Amino acid sequence: MFDLLKKLTQTTGVSGNEEEIRNVIKEEIKGKVDQITVDTLGNLIAVKKGNGKKIMVAAHMDEIGVMATFIDDNGFVRFSSIGGVNQYNSIGQKVRFNNGTIGALHYEQKLDDLKNLKLSKMYIDIGVDSKEEALKLVGIGDVACFVGDCVKQGNIIISKALDDRSGCAVVIDAINNMPKTENEIYYVFTVQEELGLRGAKTAAYQIKPDLAIAVDVTLTGDTPNSHLMEVKCGKGPAIKIKDRSIICHPKVKKLLENSAKKINIPYQYEVLEAGGSDPGAIHISAGGVPSGAISIPCRYVHSPVETACLTDIENAVKLLIESLCSFSG
Amino acid sequence: MDYISILKDISTYPGISGREEKLSKYIKRMFAKYCDETIIDQFYNVIGIKKGYGKINKKIMVTAHLDEIGFIVKGIDEKGFVSFSNIGGIDGKILLAQEVTIHGKKDIQGIIGAKPPHLLKPEESKKAVNIKDLSIDTGLSYNEVKECVEVGDFISFSAKPMVLKNNKFSSKSLDNRAGVAILIDIMERLDKLRYDWDVHFVATVQEEVGLRGAIIAAYNVCPDMAIVLDACHGDIPDVSKDSVYQLGKGPAIGIGPNLHTKLTKELIEYAKEENIPYQIDVEPGNTGTEAWAIQVSKTGVPTLLVSFPLKYMHTTVETVHLNDIKNAGKLISGFISTIGNEMGEISCC
């Protein structure tokens, strides 16, 4: 699992530019499903055929990042955010453009109060001294992802883009270990989740499944002076009750609960007060799709040091497999 | 229709957004008395169909959401206090000293406490009340609470209804259970009228969290016209006059880009002809109602908005005037009976 996480998190795939990560995932699941297609928006859809219920599994493969908007005469690159980029998490970080160019992200020195920090007061330094030199490496509209190694320390994984490559890893591992089932399963690696659940929306419309389960990360309440939230790293995958985009269908909550009990893994409930996720778009698509989610507890979401527990990720795989097999309508 | 008894009945029945199943079954039984067919969809929208007498196959959908605002359990502390998060828009100020019901393994009564004025520091009394700082006291110990309450359980207000003077009525969740009562009133009135189109009455779910039930229902019903029933703000002191409507002066008819120009005019004409009191609700953009979602469903739906003035919205003392409820039912049922076979494609103006 760690090797897979490392491979997935270290591949670039900023929302709207998911080619590279899509190809990596495609390689991982080749030959394990009956059909693999890429739709208009770029969602990667892998189908395991069957005569049973139609289930959609969604994990988004895009990640947050930045886009170059302006290059000044001295070669400094101004940028805009793609998805929810926090200015404070960005200070002193490295970003990597698709062609491999690395830049240092910092803020204007005359800023006397960090409280006033905005992304518009920040720039990317790619180590050149003219606009002309800069343009050889970075074009306006080029996107870059944050740089953040993937490391394992005991049971903990620290990396950039665990949101939601950890979810992608769960789905890939489930595909590779799926026992026989009559259910027809659509494994969808969605695009543009970070821009507003956009890939999941079009994917759900074309698939029109009987049920949808998403795998994504969720926030935790287990760090010093954190917001009150019951979810903790290492206490098992969380069954989503709600976030700002969805109140999960009671039947899906029940399915996930019963599956977790049956295979005897620890689980917790997620009541997320901020943020939305793919099932939010899926459940109101095409006349309504009962939807829910398995969430991986993750600290420091949307930073280059997202932190999750390996055992939670592994248990999420087991929970997903059991739920997919036991769903009968 | 006996408005007071039906409003008392359905306004006190719990049905928080996302957990409407029981209420939906209850409403379905009420619809079944008047409808040719009654169904509950996968998301617990209740759909009652009354077949029209016309020869063409046209549908009008009339919606009122049945869900209500409430809370969800976020955590239980070591003393047994239950912390919570809101479902739908709730101002923390109204929560002090409220009675609630936690819908756990069984229903448990609780109260949201408040610091006595004697112990409030001067600066505290000036502060806003934040939901995250409040908790529910059930009287039970940590272990007792843990036995029947889990994170993710839903919580409803347990306020009692009250009949006020001059035909006014107060209760929790009249937004939009009064709308649901109007749906039933329209059904009853249509029993005595002739109408050509099929009428699909939908008591929708999850309006308070983003019009979600209406999005699903509009897609599945695929109507040729829709009328949305909801509450608008009643006149209260200290608010700007252009966003509130007088109680007792009749239902408000919405005008604006969210609503169909020609049909709106016809609805107003009908109200005038029949001497039904009405007010005009000017909506320059998003009406914040299900009309916003329904209008753009599939290839577009000509949509109308009728609302009844309601004071103290999203509190436990929401107040309506019974005449407005009655007149909304009269207006919409009568209008439906004027929609004839001859009405072909409905153009934009």
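Visitor: How many salt bridges does the rule find across the interface of chain B and chain A?

Guide: This is a predicted model, in which local features need pLDDT of at least 70, side-chain atom pairs count only at pLDDT 80 or more, and totals for chains, interfaces and linings use all residues. Side-chain values use heavy atoms, with hydrogens and water left out, while residues are numbered from 1 along each chain as its sequence is written. With a salt bridge taken as a side-chain nitrogen of Lys or Arg within 4 Å of a carboxyl oxygen of Asp or Glu, the number that the rule finds across this interface is one.

Visitor: Which side chains meet in a salt bridge at 3.0 Å, N to O?

Guide: Strand S4 (70-76) of chain B, a DSSP run of E with at least two residues, supplies at least two residues of the side that touches chain A. The side chains that meet at this N to O distance are those of A:Glu273 and B:Lys74.

Visitor: What area do chain B and chain A bury between them?

Guide: Buried area is the accessible area (1.4 Å probe) that two parts lose on being put together, summed over both. Of the area between these chains, 59% lies on carbon and sulfur atoms, and the total is about 2,200 Å².

Visitor: Which three residues supply 26% of the area that chain B buries against chain A?

Guide: In terms of contact, meaning heavy atoms within 4.5 Å, 26 residues of chain B touch 25 residues of chain A. The three that supply this share of chain B's buried area, more than any other three, are B:Phe43, B:Lys74 and B:Arg212.

How values were computed. Chains are lettered from A and ligands numbered from 1 in the order in which they are written. Helices (H or I, at least four residues) and strands (E, at least two) are DSSP runs, numbered from the N terminus.
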